[in-house]
Amino acid sequence: MTSSTSKRNRMFSWVRAALVRGLVLLVLWWVLIEGDSSYLGYALIAVPLVVGASLMLSPPQTGRWRGVPGRLLAALRLAGWVIGQIVSGGVDVALRAVARQHGGRISPASVLVPVRATGTARAFCIGIFNLMPGTLVQGIRTYDGQDQAELHVLAAELDAIGNWTSLEDRIFRVSGTEDSELDFT
């Protein structure tokens, strides 16, 4: 790639990022002011300032749009998978709670699972996993140099390790990476 093409790509990334961020912030501003156009003058000052600050704090990177359709499809698949897990987990928890045997089929346990995700990807994994009925991330600990999540589950036979790994893989696909870094800039 030539120097002028590289400069053009960088410039395009900055312009694209400024436009996308500006549009998102303008829509957010419009929602927050509940469509009252008397506050539009403030938006004309605040939105460009915030866009500029966001560009300085989180500069755009070139080549980020490759694979966007695949990432969007991965995001839709992730949302469908999470909804499916929430529904099936809710049904499972309800059935366990009303089981005829004393105490039901609930046998709480703590399970350690290896954590590959870091940064934002890790935060997404923890947040999404905590949404699933019958599971709770109690914390992240380091054992022998490997980060592990300590999960509280309603029953030891639940596939906590498989679900955690599947969730990490799905989040990696949404980010467009196969590793632990997640960046939506």
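## Starting point

A residue counts as buried when its relative accessible area is under 20%, as exposed when it is over 50%, and as partly exposed in between, using a 1.4 Å probe and protein chains only. By that rule Trp-164 is buried, with a relative accessible area of 0%.

The model is predicted, so local features need pLDDT of at least 70 and side-chain atom pairs count only at pLDDT 80 or more, while totals for chains, interfaces and linings use all residues. Residues are numbered from 1 along each chain as its sequence is written, and side-chain values use heavy atoms, leaving out hydrogens and water.

## The overall plan

The protein has five helices and three strands, and from the N terminus they follow the order α-α-α-β-α-β-β-α. Both kinds of element are DSSP runs, numbered from the N terminus: helices are H or I with at least four residues, and strands are E with at least two.

Of the 185 residues in the protein, 29% are buried. Contact here means heavy atoms within 4.5 Å. Among contacts with a separation of 6 or more, 70% join residues 24 or more positions apart.

## The sheet and its helices

The three strands form an open sheet in the order β1-β3-β2, with antiparallel pairing. Two strands pair if DSSP finds at least two bridges between them. β1 (109-114) and β2 (135-143) are at the edges with a single partner strand each, so one side of each has no neighbour in the sheet. From one strand to the next, the twist averages 25°. Strand β3 (residues 146-153) is joined to β2 by eight bridges, and Ala-149 in β3 is the bridge partner of Ile-140.

Two helices lie across these strands. Helix α5 (residues 160-175) lies across β1, β2 and β3, at about 40° to β1. For these angles, axes are lines fitted to C-alpha atoms, for helices over the stretch in contact, and the values run from 0 to 180 degrees between N-to-C directions.

## Two nonpolar cores

In soluble globular proteins, nonpolar side chains tend to be buried together. A nonpolar core is a set of buried Ala, Val, Leu, Ile, Met, Phe, Trp, Tyr and Cys residues joined through side-chain atoms within 4.5 Å.

The largest core here has 24 residues, and Leu-78, Ile-128 and Trp-164 are among those with the most contacts inside it. At least two of its residues come from each of α3, β1, α4, β3 and α5, and α5 gives the largest share, six residues. Beyond its neighbours within four places in sequence, Ile-128 is in contact with Leu-78, Val-82, Leu-167 and Ile-171. A second, separate core has five residues, including Ala-17 and Leu-55.

## Aromatic pairs

There are two aromatic pairs in the structure. Rings of Phe, Tyr and Trp (its six-membered ring) pair if their centres lie within 6.5 Å; planes under 30 degrees apart are stacked, over 60 edge-to-face, and the rest tilted.

Tyr-39 and Tyr-42 make a tilted pair, 6.2 Å centre to centre with 35° between the planes. Tyr-39 is partly exposed at 40% relative accessible area, and Tyr-42 is exposed at 55%. The other pair is Phe-129 and Trp-164, which is edge-to-face because the ring centres are 5.3 Å apart and the planes are at 70°. Phe-129 lies in helix α4 and Trp-164 in helix α5, so this pair ties together parts 35 residues apart in sequence. Phe-129 is buried, with a relative accessible area of 0%.
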